[in-house]
Amino acid sequence: MCPLWLLTLLLALSQALPFEQKGFWDFTLDDGLLMMNDEEASGSDTTSGVPDLDSVTPTFSAMCPFGCHCHLRVVQCSDLGLKTVPKEISPDTTLLDLQNNDISELRKDDFKGLQHLYALVLVNNKISKIHEKAFSPLRKLQKLYISKNHLVEIPPNMPSSLVELRIHDNRIRKVPKGVFSGLRNMNCIEMGGNPLENSGFEPGAFDGLKLNYLRISEAKLTGIPKDLPETLNELHLDHNKIQAIELEDLLRYSKLYRLGLGHNQIRMIENGSLSFLPTLRELHLDNNKLSRVPAGLPDLKLLKVVYLHSNNITKVGINDFCPMGFGVKRAYYNGISLFNNPVPYWEVQPATFRCVTDRLAIQFGNYKK
């Protein structure tokens, strides 16, 4: 059972993401710590969720680095201007918070003896170099948050116990084959905000991973990357330069239930592309350059939310969203956004939204040339 004080600490530092992730404890994309509270895409019972802190034999050590705050098994050393990882960290520590410092390098013995560490927070430092054996002692590490640093490559030899990796807002340009080798428990990777192009992903870069969640937002992608894990439930590629969705782009992602493609330059979605996503529940295509509603939406029986606002859509047909006839769609829409499109809304027939739960779920209007 996780102590109440630990839950209070994590919740007090929480901050929401653009999309709510499923079933993970998540430290911030920006400044603090975020707790993920949806259970739909949780990983296996043995690797996700809060660790059983009571199973760790306590040392009741009085060790605490100078200037840090230590309570039970949490060591908080954030915002101290540290140049290196501090010494004298108790070996029974489960959460080590080193964010918002000036650490530039992770050395071989920086985490020596921390075999019980569950979460390591290194967000917003100046880390550019990581020794190949820096993470070797961390045999129980599940959460590694190393975003907003100066890394040019994905860290080598990460612990096989790792479940979640947050490495966004670095300087990574390449994802080589084998970099995730042995990470069989990994189910969440956040790597947006890196200058990644499609050519930066080597064939087989994600081999062996069984991810539920992947975000490569705010990069330099011009298309959907090839050979991403087939196990994905959520894929977020918003804020890139993707121009089209071709037929084979989504072929292998039949388990997706949330697809984020907002804030791209998409003009065309090839007919039949969406038919490979039978379990899709939420589709984000806002802030693109689409001139019509994508074909195939009525065939997505579980689709409930579609964001199409801020495009160039000029017409909405009576069968663009709902299947013809009754009893075909298993889940009614509870959100369709079409605002900020040059659609003459007065010409849209009411029957167009016959499979929407409530008229308030439809967002129209506010178009400006």
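I take a salt bridge to be a side-chain nitrogen of Lys or Arg within 4 Å of a carboxyl oxygen of Asp or Glu.

I note that this is a predicted model, where local features need pLDDT of at least 70, side-chain atom pairs count only at pLDDT 80 or more, and totals for chains, interfaces and linings use all residues. Residues are numbered from 1 along each chain as its sequence is written, and side-chain values use heavy atoms, with hydrogens and water left out.

**Count.** I looked up the salt bridges and found 12 by this rule.

**Arg258 and Glu234.** I found these two joined by a salt bridge, with the closest N and O atoms 3.7 Å apart. Arg258 sits in strand S15 and Glu234 in strand S13, 24 residues apart. Strands here are DSSP runs of E, at least two residues, numbered from the N terminus. I looked up burial next: both Arg258 and Glu234 are buried. Buried means under 20% relative accessible area, exposed over 50% (1.4 Å probe, protein chains only).

**Glu164 and Lys143.** I found a salt bridge between these side chains at 3.2 Å, N to O. The pair links strand S10 (residues 164–166), which holds Glu164, to strand S9 (residues 143–145), which holds Lys143. Glu164 has 0% relative accessibility, so I log Glu164 as buried. Lys143 has 1%, so Lys143 is buried too.

**Lys226 and Asp249.** I read 3.0 Å, N to O, for this salt bridge. Lys226 lies in the loop between strands S12 and S13, and Asp249 in the loop between strands S14 and S15, so the pair ties together parts 23 residues apart in sequence. Lys226 is exposed at 51% relative accessibility. Asp249 is buried at 8%.

Key: Helix = DSSP H or I, 4+ residues; strand = E, 2+ residues; numbered from the N terminus.
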